[in-house]
Amino acid sequence: MSALNKYTASQSYHITSLLVNPMGRLGLFGTLNLLQETAWKHADNLGFGMKAMEKHNLYWVVTRQILAMREWPRYGENVNISTWLRPPEGAFVAREFLITGDEGREIGSSATSWLAIDRTSKKILPAGKLFDWNEIATEASTGLVPEKIPAEGAFEKLAKFRVRNSDLDVNQHVNNTKYSQWILDSIPYENHKNVLLKSYSVNFLAETHLGDEVRIERNLSCPVLDEAASGETIYRGMRVSDDRVLFTAILSWEKKL
């Protein structure tokens with residue numbers, strides 16, 4: 001979707017040295033942070049951002065996300081991120097994004113699903129009853145659908161991380177972008193230089209808190225990055241203390257020419 005309308009908010013960003021990865025590009029972690037910032041601003045403008053939700057003892061959690069990129073911007077370039085809401089389906093609210101680069105060319109898109117949670121009871125609230133979605137949502141779609149990612153199968157351990165102060169968001173949970181960083185940090189550096197990430201999908205299955213140890217694992221039935229021309233690799237994050245699956249994710253990639 002390239003046309004903007006009254007339902008769509010747009011935010012521009014300049015790719016500074018604080019946002020690029022070692023390859024000099026805006027990478028996965030930086031892109032997810034910009035998407036999150038754009039979503040927060042849009043929610044604030046619509047009247048159901050963090051502060052507004054706190055007044056009702058509620059908060060938003062993202063449950064699934066998919067990001068597909070045609071091109072990763074370089075240092076010094078500019079990106080524009082547009083976001084809009086789709087009508088709720090049951091308890092879930094869909095938020096979508098369009099990413100354009102210099103001269104307005106489309107370089108990526110993303111789709112997410114969200115739930116409204118009661119802070120005290122941790123119960124999920126039916127999103128359709130929270131707001132008048134006819135005034136703020138549209139049927140426009142990127143065509144992306146964040147699907148369920150399997151957690152079953154044989155996995156191998158890649159790395160282990162302990163949740164630190166800097167990993168937390170304002171809700172005292174691990175910021176959803178940190179999960180991508182853990183996956184990227186578990187992949188050998190040489191592989192980062194040799195492959196190009198095409199898409200990233202993630203399912204968030206349980207809350208992660210300060211002090212938790214999280215084990216990153218790779219599905220053994222999937223190709224290893226840099227050992228094939230292209231492929232999809234499934235990862236999962238396990239809490240060490242109880243072996244609970246915290247998230248599942250897929251990286252879709254191809255070798256650089």
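Leaving aside its neighbours within four places in sequence, which residues is P88 in contact with? In this predicted model, the answer is V93, A127, G128 and W133. P88 itself is found in strand β3, which spans residues 78-89. Is P88 buried, exposed or partly exposed? Its relative accessible area is 22%. Buried requires a value under 20%, and exposed one over 50%. P88 therefore counts as partly exposed. A longer stretch of chain can be checked from here too. T8 lies 80 residues from P88 along the chain, and their C-alpha atoms are separated by 16 Å.

From P88, step to W133. With residues up to four places away in sequence not counted, W133 touches F48, W60, L85, P88, V93, A127 and G128. W133 also belongs to the largest nonpolar core, which has 55 residues. W133 is among the residues with the most contacts inside that core, along with L28, W182, I183, F247 and L251. Which helix gives the largest share of this core? Helix α1, residues 28-46, provides six residues. A second core is separate and has five residues, including I149, F155, C222 and I234.

Now look for empty space. Rolling a probe the size of a water molecule over the atoms shows where such space is left. How many cavities of 30 Å³ or more does the count give? The count comes to one. The volume of the largest cavity is about 70 Å³. Its lining consists of L32, L35, Q36, V62, Q65, F97, T112, W114 and N176. At least two lining residues come from each of α1, β2 (58-69) and β5 (106-118). By type, the lining divides into five nonpolar residues, four polar and no charged.

Which residues of α3 are buried? They are N176, T177, K178, Y179, S180, W182, I183 and L184. Two of these names, W182 and I183, return from the list of residues with the most contacts inside the largest nonpolar core. The N-terminal end of α3 is capped by N175. A side-chain oxygen of N175 lies 3.0 Å from the backbone nitrogen of T177.

Notes
Residues numbered from 1 in each chain as written. Heavy atoms only, no water. Core = buried A, V, L, I, M, F, W, Y, C linked by side-chain atoms within 4.5 Å. Buried < 20%, exposed > 50% of the residue type's maximum accessible area, 1.4 Å probe, protein only. Helix = DSSP H or I, 4+ residues; strand = E, 2+ residues; numbered from the N terminus. Contact = heavy atoms within 4.5 Å. 1 Å grid on protein atoms, 1.4 Å probe; cavity = no way out; pocket = protein on both sides within 12 Å on 5 of 7 lines; lining within 4 Å. Points joined across faces, edges and corners; volume = space filled by probe spheres on them. Nonpolar A, V, L, I, M, F, W, Y, C, P; charged D, E, K, R; others polar. Polar contact = N/O pair within 3.5 Å; in protein donor to acceptor, adjacent residues only side chain to side chain.
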